Amino acid sequence: MDKIATEAPSLSPLGDLHVLLYRMALEQGRLRPSAAARRLDVPGADVSAAVADLSRLHLLHPAEDGPRPARSPGEHPAGAGHDTEYTARSPDAAVTHVTGPIEARIQQLHRESERMSSHVLALKPVFEESWQGDSARTPIEYLTLPDAVRSTLERLYAAARAEVAAAHPDVPAPAALEEGLRRTTEVLGRGAHVRTLYPHSVLTHARVRQHLCRMVALGAQVRTTAHVPDRVLFFDAATAVLADHGSSPGDGKGALAVRDPSLVRFLHRSWESAWESARPFTGTSGDAPARDELRRSVLELLESGMKDGMAARRLAMSVTTYRRHVTELCAELGAQSRFQAGSYARRAGLLDG
């Protein structure tokens with residue numbers, strides 16, 4: 001396929017000489033390169049090169065009634081000799097000449113894109129019929145390889161028509177956030193709903209908060225809760241995809257696609273229960289109750305004496321982040337130890353209710 005770039009003229013930087021020659025053509029009505037070279041005391045070859053640049057950009061063009069020396073096929077008018085006279089075009093007129101072929105090519109490519117899309121999408125009913133048939137025949141599918149997981153998720157996202165619901169137990173990687181935003185945009189664009197559940201700990205990450213604000217702005221619903229036990233996605237409440245933590249080959253990097261109606265209903269009811277008790281994310285000061293619940297969870301773990309690594313995993317945060325919370329709470333309560341901080345919080349009524 002031809003590249004659009006082949007339709008555009010080569011672009012040379014426009015310097016002082018280009019400006020002077022263009023100004024001369026405007027002020028004098030005509031520009032003769034040989035005369036311009038003598039007047040500016042500039043080598044004729046430099047003037048011819050600059051005139052050629054301006055001609056390629058259609059800012060100069062040979063005068064209709066001026067001399068036009070014969071030239072070899074393919075030679076640019078500016079190379080025909082110093083006797084060719086030029087007149088100036090306005091930049092508005094020139095840009096039409098320059099971009100016209102490019103815009104025509106873009107329109108042609110757009111028509112070709114639509115034609116190819118229609119050609120390929122003609123088989124979409126066959127794909128959906130086969131996909132639904134596979135789903136009915138396989139109530140639980142083990143996806144042991146990352147490529148199989150990605151392929152299955154792509155098909156499920158593409159087929160979702162009512163809702164995609166999800167729970168994420170930890171802070172996703174930047175690439176995963178961008179991929180999630182793309183998929184969310186596509187699902188919402190079809191008129192379906194998107195609901196996502198995160199642990200309160202994500203509220204301490206500026207990058208994730210910014211991502212969640214973008215999700216909400218698109219129309220998705222986001223809530224946070226004290227603890228999200230595992231990753232799960234629901235597609236139209238008919239298929240659930242769960243993280244596989246090593247029950248099948250693949251070192252825990254695979255997933256389970258569950259299509260059994262009874263099992264999907266059970267998993268979805270559990271998710272709905274967590275959703276109902278979670279705090280809506282707003283991206284404003286209205287998220288303060290969720291942050292207070294995170295603070296309370298840290299205090300409860302301090303009181304219990306749980307080790308930092310285990311406590312951090314439970315709250316879906318890094319050990320470093322957990323320890324930062326602990327340090328801030330100890331300073332706030334005037335406690336000399338972690339257990340003392342939990343004890344002080346209990347006596348102060350911060351863990352009541």
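Modeller: Helices here are DSSP runs of H or I with at least four residues, strands are E runs of at least two, and both are numbered from the N terminus. The model is predicted: local features need pLDDT of at least 70, side-chain atom pairs count only at pLDDT 80 or more, and totals for chains, interfaces and linings use all residues. Residues are numbered from 1 along each chain as its sequence is written, and side-chain values use heavy atoms, with hydrogens and water left out.

The chain has 13 helices and 10 strands. Of its 353 residues, 37% count as buried (under 20% relative accessible area; exposed is over 50%, partly exposed lies in between, with a 1.4 Å probe and protein chains only).

The structure holds 16 salt bridges, each a side-chain nitrogen of Lys or Arg within 4 Å of a carboxyl oxygen of Asp or Glu. One of them joins the side chains of Glu154 and Arg183, at 3.3 Å from N to O. Glu154 belongs to helix 6 (residues 146-159) and Arg183 to helix 7 (residues 174-189), so this pair ties together parts that are 29 residues apart in sequence.

Glu179 and Arg183 are four residues apart in helix 7, so about one helical turn separates them. Glu179 is partly exposed, with a relative accessible area of 27%.

Glu328 is partly exposed at 44%, and Arg324 is partly exposed at 39%. As for Glu154, Glu179 and Arg183, salt bridges with shared partners join them with Arg182 and Glu186 into one network.

Now the packing. Helix 6 and helix 7 pack at an angle of about 25 degrees, their axes 10 Å apart. Axes are lines fitted to C-alpha atoms, for helices over the stretch in contact, and angles run from 0 to 180 degrees between N-to-C directions. Helix 6 and helix 7 are therefore roughly parallel (under 35 degrees; over 145 is roughly antiparallel, 65 to 115 roughly perpendicular, the rest oblique). Arg150, Leu153, Glu154 and Tyr157 of helix 6 are in contact (heavy atoms within 4.5 Å) with Glu179, Arg182, Arg183 and Val187 of helix 7. These contact residues divide into three nonpolar, no polar and five charged. Nonpolar covers Ala, Val, Leu, Ile, Met, Phe, Trp, Tyr, Cys and Pro, charged covers Asp, Glu, Lys and Arg, and the others, Gly among them, are polar.

Helix 12 (residues 319-333) packs on helix 13 (residues 338-347) at about 60 degrees, with the axes 10 Å apart. That makes helix 12 oblique to helix 13. Tyr322, Arg323, Val326, Cys330 and Leu333 of helix 12 make the contact with Arg338, Ala341, Tyr344 and Ala345 of helix 13. The residues of this contact divide into seven nonpolar, no polar and two charged.
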